[in-house]
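Try each one before you read its solution.

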Amino acid sequence: MEELGIPIATLPNLRRVDSTSKIFRSSRQDLVSPEDCKKLNQLGIRTILDFRSPSEYKLASGNKLFDANTEIVSTLVPSKKNRDSPIRTKKVTVNPPGPEYESRVKRRYLFDFFQFNYIKAVFVRATWYQQLISLLYLIVDLIMRNHFKYFVRYFGVTVLNPAGLGQQYIDILEYSSTQIQIALRLLSEPENLPALISCAHGKDRTGIVVALVQLLLGKSTDYVAEEYALSEIGLQGIRQRVEVEIIDRFHFDESFTHARKETMLTTLQYIYDTYGSVESYLEYIGLGKEDQEKLKQALEAE
């Protein structure tokens, strides 16, 4: 399975997802060097599904050289799941601005996975006094304009750490399901392929969506979990950066920096126990049988 990896030094955790090279996965591309940009461009990527919010994207360090000739848009999440509604986006202004759209050859879709539904689900698990303390942190964050750092830290220590990384994955499946559905709809359009799926480190948000795609394509749960665990190897070269961005910044515990096979197996078992199959889960989130077949055909076509 390690042959899926693509050695590009300044883009850790890059590998193929499928045998036809229609989908790739990686950590964020913000720090890719000029030479490695040339190598990455040789993959012919047309679409980047970036599971970071616009603010997370803008705050990330790096020159973002790979985004030359790229239209950057934020994906707007409708209030209700509707498989028939068009995918709506909003242009993201970056500094410095990129070239005019006529010269752009690929598109980056930004997704905010941690919107109100997700935050509410985590918030209600806290005790009343923890909720009160968190609101005080929220006020401080708003005054300091530090992107909810202390609010997230507090919930990391009091709620997320005790629940564990597997529970966070389950929460994403349940409370970020519309974002997942939109991402899969984008992958079902041949003109969007080849596509690169990524987030900050390419293991958590990316890992969940990739797992759903692989299961739909007929891969076994064991294969999916082992492929996910390749991120443990893929991130070794930036281990210190991962720890700074997860432990130091948000005070999550050390387990959140890993990509262990058992974490994904727990997540997949939740899908089977709750929905019966990945197909039933996808139908629940708004990706119907016809949509699923369209996605499979797009990814399996030679």
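Which residues are linked in a network of salt bridges?

Solution. The network links R28, D30, D50, R52, D67, R108, R241 and E245. Here a salt bridge is a side-chain nitrogen of Lys or Arg within 4 Å of a carboxyl oxygen of Asp or Glu. Searching the whole structure turns up 20 salt bridges.

A quick note on the ground rules: this is a predicted model, where local features need pLDDT of at least 70, side-chain atom pairs count only at pLDDT 80 or more, and totals for chains, interfaces and linings use all residues. Residues are numbered from 1 along each chain as its sequence is written, and side-chain values use heavy atoms, with hydrogens and water left out.

**Exercise 1.** Work out what the salt bridge between R15 and E227 ties together.

Solution. Start with the distance: the closest N and O atoms of R15 and E227 are 2.7 Å apart. (Helices, H or I with at least four residues, and strands, E with at least two, are DSSP runs numbered from the N terminus.) Finally, check accessibility: R15 is buried at 3% relative accessible area, and E227 is buried at 1%. Buried means under 20%, exposed over 50% and partly exposed in between, with a 1.4 Å probe and protein chains only.

**Exercise 2.** Are R108 and D50 buried or exposed?

Solution. Both R108 and D50 are buried. Their salt bridge has its closest N and O atoms 2.8 Å apart. It links distant parts of the chain, with R108 in strand β6 (residues 106-110) and D50 in strand β3 (residues 47-50), 58 residues apart.

**Exercise 3.** Find out how the buried residues of helix α4 are arranged.

Solution. First, list them: Q130, S134 and D141. Seen down the axis, these fall within an arc of 30 degrees, so they line one face of α4; the arc is taken from the directions from the helix axis to the C-beta atoms. As a reminder, an α-helix has 3.6 residues a turn, so residues three or four places apart point the same way. Then ask what the buried residues pack against: α3 (116-123) and α5 (149-163), with contact meaning heavy atoms within 4.5 Å. Last stop, just past the end of α4: R145 takes a positive phi of about 55 degrees.
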